[in-house]
There are 2 protein chains.
Amino acid sequence: MNNLIINIKVHEGLYLIDPQTTKLGRRIIEHSVRMIDEMGMECFTFGKLSKEINSAEPSIYRYFENKHQLFVYLLNWYWEWVAARINLNTMNIESAAKRLKIVLDVIADSAKKNSSIEFVDEEALHRIVVQEGAKAYHHKKVDANNKEGFFLAYKQLCEKIADLVLEINPNFPYPRSLASTLVETANNNLYFAQHLPRLTDVKDEENRLSQSVKDLLEYFCFGIIYAYDFTKNGKHEKTLLSLQN
Amino acid sequence: MNNLIINIKVHEGLYLIDPQTTKLGRRIIEHSVRMIDEMGMECFTFGKLSKEINSAEPSIYRYFENKHQLFVYLLNWYWEWVAARINLNTMNIESAAKRLKIVLDVIADSAKKNSSIEFVDEEALHRIVVQEGAKAYHHKKVDANNKEGFFLAYKQLCEKIADLVLEINPNFPYPRSLASTLVETANNNLYFAQHLPRLTDVKDEENRLSQSVKDLLEYFCFGIIYAYDFTKNGKHEKTLLSLQN
DNA sequence: TGTAAAAGATAGTAAAACTATTATTTTTTT
DNA sequence: AAAAAAATAATAGTTTTACTATCTTTTACA
């Protein structure tokens, strides 16, 4: 299992100076990931970060316009990294269903990691995505941010999943909604298992959490994709809709 | 279509003085809903609210410990209101599947409203739930808040849905995850249709948005519930799992 | 070696999130 | 109706955050 060097390219609108290209920039990434993971976005400030890296607050502002932009930068880095892992692990696989399963594996974080970039703690970053990710777009500036490309990586990932779904079942009516639901459901169930266990059936036990989430995603995903097509001996009848009453 | 008087009871840990019992309290609710809907949680402050209602900041602090507690109070009010509408609309219905469909109707906001409480704008509150709701539990104090009952209304609603799912299919393995996924998927697709349309298949057109979301929820929900049970002429075989490869 | 860009150091502003104090009004009790 | 209690209003103050301005020093590199 080699650790391949993957180069993560993050959208230009998400920084003033590309942090991956300078020493200070990489220190900002490294320590902001660790600090946000430890204290959460609310308590994390540029002031605290600058002390932690023995730098000055204005220096950080030369890389990122504000805390929110840094946050979105980190999320994009994560989704680009997920996309890279998906590409790497699916490139030689013929079956679309098998490729989709690998995607579910990666978004549930149960796939073997095969990249390591020294200044990014991907596990801490994944915890940030699970705990804080929804805040990236749940605010009043979402439309302005969207125009600036803040959510491109996430949207591209969902589109990739939607295309896979359509490859498996070209008649499926909700490929985009299914894609976003799968990603959100992965994060939610990981989070709920740890903090609001009555909202999930997966258990935070024995290091099997991400595998359980993957099983859940497969069950939901393939259930939805095939449900209305394979009832009654494969005839395309809306059998279920009549069974419901 | 009578407007029934429904009394919404919110968990005691969510306020210092019950705002529904005093004039100032009701003014706080009324104007905070309107202001949060207009400016979002980030821009909303107790200072601005106190000016708006010609009161003083410390007076508001005697009702709610802080902005976050007020926010969670409003969300709980909303989920209690949803639960009340569900109870009202399902009480005389025999079929569990029909009851579940009514639940989906209410959480997608496409059911006829049948309550009106003069000082709460339920449509504005629903927009707040869709746009800001996830922030209630995505932070580092989630466990402490959970112990204080901040999420009781939401968890009870999900449990009610999970019980309905089990009533329809007692063998279903993920009732809680399905329940939370349905509620989250309802909110997400309403939000995506308006702000991130590439993440959903429903369209924000012609006042049919909530009906489209309801159709989506039914498709996902009943697809998942029945998928693995009714393949191959109703035999309980894991046909789909073998079809996937 | 010289120049430009980056980084560091220091200081400052505006607003938010509270808290404390005191005065006034309203409500309740006797 | 008067006294006591509770709620509200008014004012002022503290700490922290988010951000800006300015100036000096260091580093990169041509």
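Trainee: Where in chain B is B:D109?
Mentor: B:D109 sits in the loop between α5 (96-107) and α6 (122-132) of chain B. Keep in mind that this is a predicted model.

Trainee: Is B:D109 buried or exposed?
Mentor: Buried: the relative accessible area of B:D109 is 18%, and the cut-off for buried is under 20%.

Trainee: And what about the phi of B:D109?
Mentor: That phi is positive, about 70°, although B:D109 is not a glycine. Most residues other than glycine have a negative phi.

Trainee: Okay, over to chain A. What is the phi of A:N54 near?
Mentor: Phi of A:N54 is near 50°, which is again a positive value in a residue other than glycine. A:N54 belongs to the loop between α2 (46-52) and α3 (57-61) of chain A.

Trainee: Buried or exposed, that A:N54?
Mentor: Exposed, with a relative accessible area of 71%. B:D109, by comparison, is buried at 18%.

Trainee: Let's zoom out. How many helices and strands are there in chain A?
Mentor: Chain A has 11 helices and zero strands. Its radius of gyration is 20 Å, close to the 18 Å from the globule rule for 245 residues, so chain A is as compact as a globular protein of that length.

Trainee: What box do the C-alpha atoms of chain A fill?
Mentor: Roughly 70 × 40 × 40 Å, taken along the principal axes.

Trainee: How much of chain A is buried?
Mentor: Buried residues are 60% of the 245 in chain A. The accessible surface of the chain is about 10,600 Å², and carbon and sulfur atoms hold 48% of that.

Trainee: And the charges, how many positive and negative side chains does chain A have?
Mentor: There are 30 positive and 32 negative side chains in chain A, with the centres of the two sets 2 Å apart.

Trainee: New topic. Which helix holds A:T185?
Mentor: A:T185 is part of helix α9 (residues 175-195) of chain A. A:T185 counts as buried, at 4% relative accessibility.

Trainee: What is A:T185 in contact with?
Mentor: Setting aside neighbours within four places in sequence, A:T185 is in contact with A:L216, A:L217 and B:T181.

Trainee: Now α9 of chain B. How many residues of α9(B) are buried?
Mentor: 19 of the 21 residues of α9(B) are buried, so this helix is largely enclosed by the rest of the structure. Its end C-alpha atoms are 30 Å apart, which agrees with the 30 Å that 21 residues should span at 1.5 Å a residue.

Trainee: And how many in α10(B)?
Mentor: For α10(B), 16 of the 18 residues are buried, so α10(B) too is largely enclosed by the rest of the structure. Helix α10 (residues 209-226) of chain B should span 26 Å, and its end C-alpha atoms are 26 Å apart, which agrees.

Trainee: What about B:D204, where does that lie?
Mentor: B:D204 is in the loop between α9 (175-195) and α10 of chain B. B:D204 is partly exposed, with a relative accessible area of 45%.

Trainee: Which residues does B:D204 touch?
Mentor: Not counting residues up to four places away in sequence, B:D204 touches B:A193, B:Q194 and B:L209.

Trainee: Last one: how far apart are B:D204 and B:L14?
Mentor: B:D204 and B:L14 are 34 Å apart in space, C-alpha to C-alpha, and 190 residues apart in sequence.

Technical notes
Residues are numbered from 1 along each chain as its sequence is written. Chains are lettered from A and ligands numbered from 1 in the order in which they are written. This is a predicted model: local features need pLDDT of at least 70, side-chain atom pairs count only at pLDDT 80 or more; totals for chains, interfaces and linings use all residues. Side-chain values use heavy atoms; hydrogens and water are left out. Helices (H or I, at least four residues) and strands (E, at least two) are DSSP runs, numbered from the N terminus. The radius of gyration is taken over C-alpha atoms; the globule rule is 2.2 Å times the number of residues to the power 0.38. Buried means under 20% relative accessible area, exposed over 50%, partly exposed in between (1.4 Å probe, protein chains only). Accessible areas come from the Shrake-Rupley method with a 1.4 Å probe; for residues, only the protein chains shown count as cover. Lys and Arg count as positive and Asp and Glu as negative; His and the chain ends are not counted. The place of a charge is taken as NZ of Lys, CZ of Arg, CG of Asp or CD of Glu. Contact means heavy atoms within 4.5 Å. The expected span of a helix is 1.5 Å times one less than its number of residues.
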